[in-house]
Amino acid sequence: MIVKVNNLVKRYQDLIALDHFDMEVEEGEIIGLLGPNGCGKTTAINCILSLLSYDKGEIKVFGEKMTPNSYDIKRQIGLVPQEVSVFEKLTVKENIDYFCGLYIDDKKLRKQYVEEAIEFVDLKDYVKFYPKKLSGGLKRRLNIACGIVHKPKLIFLDEPTVAVDAQSRNFILDGIRKLNEEGSTIIYTTHYLEEAEMLCKRIIIMDKGRSLVSGTIEELKAMITTSEKIVVGFLDIEDEVIENMKSIPHVIDVEREGEDYIIKFENGINNLANLLDFIKANNLTYTKLHSQLPSLNDVFLELTGKELRD
Ligand SMILES: Nc1ncnc2c1ncn2[C@@H]1O[C@H](COP(=O)(O)OP(=O)(O)OP(=O)(O)O)[C@@H](O)[C@H]1O
């Protein structure tokens, strides 16, 4: 186990930011720490890294107790913080070199690592730029380069794609996969569930400072009652007919989403056939009909009664 957190409690005055939070991370995985704004993701990371003190609990990293002075452990960790944290008075290259120098003494190796990090985030054309001249997406890339330049074994990325355009976002996600393929263990916090689904082998869902559930995406989806959703765009349908739809076998609920109706089924056979029979019997016409598997948002919704996205 590369990270083991037990019963972590962190208070900010009266506010309980972490409420007996648990987490385990195995070497080589990309684990997603997923939860709504304010659920405690950043606080958890900062406690694990000993950047914040905490009230109760135990944290082990690489099998050893983590303390503010655990320099040998810290050397093997990279942090890409949520807020871009670079020096405005240093150029792109000088920033990356500065962060590398915090961990790498050997001059030749330091130079090589800086070049490799620039290459990795594709900032070759911007090495002499000052951060204020970079777009939001490029600044995020610089932030990533500064966090990973010393080739850490364990990397924390705290919402690295917030406020970046789609192109930079894909670039960042591909980069994270590459870091993982090269051997780094990744802890990735986000409130974008699609990102977690695309990237992470295992997910911990957090809410109100606690870890609600953890598992692979398939395991999480198997935990909830909804096993299938059928989306139908009906032409002219009356409320009474919608209400009757709830008596089709295995239907849990029918929800309206814009022009569409989402019919949620629990596990059962012939769900689609039963729905088509109902449509025929009621003479209904539809513009579209397709089946969807439950999403992580459905898992979160069922566990907490609210949407993951704010
Ligand atoms: N320094 C602080 N002083 C007081 N309260 C704080 C402090 N830092 C965080 N909090 C509160 O603690 C809770 C957890 O915050 P945290 O930033 O860890 O959540 P998060 O899941 O990372 O949120 P986000 O997705 O918005 O980054 C929130 O209610 C937040 O307002």
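This is a predicted model: local features need pLDDT of at least 70, side-chain atom pairs count only at pLDDT 80 or more; totals for chains, interfaces and linings use all residues.

Biologist: Which residues come nearest to the ligand?

Modeller: There are 13 residues around the ligand, and Gly38, Lys41, Thr42, Thr43 and Glu159 come nearest.

Biologist: Which element gives the most to that shell?

Modeller: α1 (41-48) does, with three residues. β2 also supplies at least two.

Biologist: How many of the shell residues are nonpolar, polar and charged?

Modeller: Five are nonpolar, six polar and two charged.

Biologist: What polar atoms sit by the ligand's oxygen atoms?

Modeller: A polar backbone atom of Gly38 is 2.7 Å from an oxygen atom of the ligand. For Asn37, an N or O atom in the side chain lies 3.0 Å from a ligand oxygen atom. On the nitrogen side, a polar side-chain atom of Tyr12 is 3.5 Å from a nitrogen atom of the ligand.

Biologist: And how much of the ligand does the protein cover?

Modeller: The ligand has 630 Å² of accessible area on its own, and the protein covers 62% of that.

Biologist: Is Glu159 buried or exposed?

Modeller: Buried, because its relative accessibility is 5%, and the cut-off for buried is under 20%.

Biologist: What about Gln13?

Modeller: Gln13 also has a positive phi, about 50°, and lies in the loop between β1 (3-12) and β2 (15-25). Gln13 counts as exposed because its relative accessibility is 75%.

Methods. Residues are numbered from 1 along each chain as its sequence is written. Side-chain values use heavy atoms; hydrogens and water are left out. Helices (H or I, at least four residues) and strands (E, at least two) are DSSP runs, numbered from the N terminus. Buried means under 20% relative accessible area, exposed over 50%, partly exposed in between (1.4 Å probe, protein chains only). A residue is near a molecule or strand if one of its heavy atoms lies within 4 Å of it. A polar contact is a pair of N or O atoms within 3.5 Å; within protein, one must be able to donate a hydrogen and the other to accept it, and residues adjacent in sequence count only if both atoms are side-chain atoms. Accessible areas come from the Shrake-Rupley method with a 1.4 Å probe; for residues, only the protein chains shown count as cover. Ala, Val, Leu, Ile, Met, Phe, Trp, Tyr, Cys and Pro count as nonpolar, Asp, Glu, Lys and Arg as charged, and the others, Gly among them, as polar.
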